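I opened this notebook to record what I looked up in one structure. The entries follow in the order of my reading.

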Amino acid sequence: MSKQLDSQALNQLFLAARTANGFLDQPVAPDLLKQVYELARMAPTAMNSQPTRYVFISTPEAKARLLPLMAAGNVDKTRAAPVTVLVATDSKFYEHMPQIWHGAGAREMLEGNPAMAGKMASLNGVLGGAYFILAARSLGLDCGPMAGFDAAKVNAEFFPDGRCSVNFILNLGYADHSKEFARNGRLSFEQACTML
């Protein structure tokens, strides 16, 4: 585990990878989506809590439900994406703790402390989505994460029981590189980091 990734892997995950702004008309196999999840689920979350949930939208019927809820600038690329993923957080993730955590009493502790459970769900739900992006990139998919949508309407449409809530929406597929923007700048180490 101590060996560094080679430059090709770093390019695919970070350095050459870009946010997909358009997609080729090329399907993404359901088995590949399963492989992405199988990788992403192995990454660390607090107490192995795994509160992230993923809804894969690929049929015309499901897209028709989602597109009216997207911001205007995100409609066309969401329509073109072979798969759109609702990256959501399960507020009752702790129900699975006996299956995924080695210590006894974790479910009861979190169920009895809504503030702690809510904070854990929020932080680790976003982490799960970030891991999913890296897993997708590692398996050759391009990703277009978005925050431009009506979250309340997405939740009402796709999570009507209120248990889950959407964090962000992610288009997946094979990028149409002609639709990419020029790469924006990044903060320097000195701007973003402090060493004490």
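**Basis.** I worked from a predicted model, in which local features need pLDDT of at least 70, side-chain atom pairs count only at pLDDT 80 or more, and totals for chains, interfaces and linings use all residues. Residues are numbered from 1 along each chain as its sequence is written, and side-chain values use heavy atoms, with hydrogens and water left out.

**Sheet.** I looked up the strands (DSSP runs of E, at least two residues, numbered from the N terminus). Four of them form an open sheet with antiparallel pairing, in the order β1-β2-β4-β3; two strands pair if DSSP finds at least two bridges between them.

**β2 and β4.** I found eight bridges between β2 (residues 83-90) and β4 (residues 164-173), which run antiparallel. L86 stands opposite I169 in β4.

**Helix.** I then turned to α8 (residues 151-158), a helix being a DSSP run of H or I with at least four residues. Helix α8 lies across β1, β2 and β4, at about 95° to β4, where angles run from 0 to 180 degrees between N-to-C directions and helix axes are fitted over the stretch in contact (heavy atoms within 4.5 Å).

**T52.** Is T52 buried or exposed? T52, in strand β1, is buried (under 20% relative accessible area, 1.4 Å probe, protein chains only), at 8%. A polar atom of its side chain lies 3.0 Å from the backbone oxygen of G125.

Terms used:
Buried < 20%, exposed > 50% of the residue type's maximum accessible area, 1.4 Å probe, protein only. Polar contact = N/O pair within 3.5 Å; in protein donor to acceptor, adjacent residues only side chain to side chain.
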